[in-house]
Amino acid sequence: MLRIRSIAAATAAVAAMGIVSMPTPAQAAGSVHLAKIYYDSPGTDSRSNASLNAEYVQVRNTTNAAVNLRGWTVTDAADHKYTFGSYSLGRGKTVTIRTGQGSNTSANLYQQRRAYVWNNDRDTATLKKANGTRVDSCSYDSTRVDYVTC
Ligand SMILES: [Ca+2]
């Protein structure tokens, strides 16, 4: 479960969500971007598959068309890499890329790992196209909350 340890943190989290949820004219054309990293999965880091899958990164498509993400990558600061297989992210859709093992669906993809990827204190996610062009990055540096809204 989400642990927010102070009123200030809760206020900041709510404010951040409010900012992200309100599109501005500059974002009108939309993009494919990192939306959220849930980097400290609930409970102790037992390395159970359920715990691994409660750690995830989300990618969102706010463009007006589906985008084929085949060959796109998400990496952490230590260069652990997830490469999308054949996958189309629908218009307005968000996909959750979970760390552990599972069967891919349209909403959930799995890195099939047996160890955590996203550090619980600080890390950086980088999203790249198949040709290596950097599309987005998202950094965090806090153990006070368990996720970051990018
Ligand atoms: Ca973690």
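Predicted model: local features only at pLDDT ≥ 70, side-chain atom pairs only at ≥ 80, totals over all residues.
Reader: Let's start with the five-strand sheet. What order do the strands take?

Author: The order is S8-S7-S2-S1-S11. The sheet is open, and its pairing is mixed.

Reader: Which strands are at the edges?

Author: S8 and S11 (147–149) are the edge strands. Each of them pairs on one side only.

Reader: And how much are neighbouring strands turned against each other?

Author: On average by 25 degrees, direction ignored.

Reader: How many bridges join S1 to S2?

Author: Six, and the two strands run antiparallel. Isoleucine 37 stands opposite valine 57 in S2.

Reader: What about S2 and S7? How many bridges there?

Author: Five bridges join S2 to S7, again with the strands running antiparallel. Valine 59 has valine 95 in S7 as its bridge partner. For tyrosine 56, the partner in S7 is arginine 98.

Reader: Is S2 enclosed or open to the outside, and why?

Author: S2 is largely enclosed by the rest of the structure, because five of its six residues are buried.

Reader: On to the nonpolar core. Which residues touch the most other members?

Author: Ile37, Val59, Phe84 and Trp118 do. They belong to the largest nonpolar core, which has 25 residues.

Reader: Which elements give two or more residues to this core?

Author: Strands S1 (32–38), S2 (56–61), S7 (94–98), S9 and S10. S1 gives the most, with three residues.

Reader: Back to isoleucine 37. What does it touch?

Author: Leaving out residues up to four places away in sequence, isoleucine 37 touches a list of residues that includes Tyr56, Val57, Trp118 and Ala125. Also among them are Cys138, Tyr140, Asp146 and Cys150.

Reader: New topic: the calcium ion. Which protein donors does it have?

Author: Tyr39 (O), Glu55 (OE), Trp118 (O) and Asn120 (OD1). They lie 2.3 to 2.4 Å from the ion.

Reader: How are the donor residues spaced in sequence?

Author: The spacing is Y-x15-E-x62-W-x1-N.

Reader: Where do glutamate 55 and asparagine 120 lie?

Author: Both lie in loops. Glutamate 55 is between helix H2 (49–53) and S2, while asparagine 120 is between strand S8 (108–110) and S9. So the pair ties together parts that are 65 residues apart in sequence.

Reader: Is glutamate 55 buried or exposed?

Author: Glutamate 55 is buried, with a relative accessible area of 0%. Asparagine 120 counts as partly exposed, at 27% relative accessibility.

Reader: There's another sheet, with four strands. What's its order?

Author: S5-S4-S9-S10, an open sheet with antiparallel pairing. S5 (81–83) and S10 stand at the edges, each with a single partner strand, so one side of each has no neighbour in the sheet. From one strand to the next, the twist averages 15 degrees.

Reader: How many bridges pair S9 with S10?

Author: Seven, between S9 (residues 122–128) and S10 (residues 134–141), in the antiparallel sense. The hairpin of S9 and S10 has five residues between the strands. There, glycine 132 takes a positive phi near 95 degrees.

Reader: And S4 with S9? How many bridges?

Author: Three, with S4 covering residues 73–75 and the pairing antiparallel. Threonine 75 has threonine 126 in S9 as its bridge partner. Threonine 126, in turn, has serine 137 in S10 as a bridge partner.

Reader: Last one, salt bridges. How many are there in the whole structure?

Author: A search finds two. Arginine 122 forms one with aspartate 121, with the closest N and O atoms 3.7 Å apart. Arginine 122 also meets aspartate 141, at 3.1 Å from N to O.

Reader: What does the pair of arginine 122 and aspartate 141 tie together?

Author: Arginine 122 lies in S9 and aspartate 141 in S10, so the pair ties together parts that are 19 residues apart in sequence. Salt bridges with shared partners join Asp121, Arg122 and Asp141 into one network.

Reader: Is aspartate 141 buried or exposed?

Author: Aspartate 141 is exposed, at 57% relative accessible area. Arginine 122 counts as partly exposed, at 46%. Aspartate 121 is partly exposed as well, at 30%.

Notes:
Residues numbered from 1 in each chain as written. Heavy atoms only, no water. Pairing = 2+ DSSP bridges. Axes fitted to C-alpha atoms, helices over the stretch in contact; angles between N-to-C directions. Core = buried A, V, L, I, M, F, W, Y, C linked by side-chain atoms within 4.5 Å. Buried < 20%, exposed > 50% of the residue type's maximum accessible area, 1.4 Å probe, protein only. Contact = heavy atoms within 4.5 Å. Donors = N, O, S within 2.8 Å, 3.2 Å for Na, K, Ca; no water. Salt bridge = Lys/Arg side-chain N within 4 Å of Asp/Glu carboxyl O.
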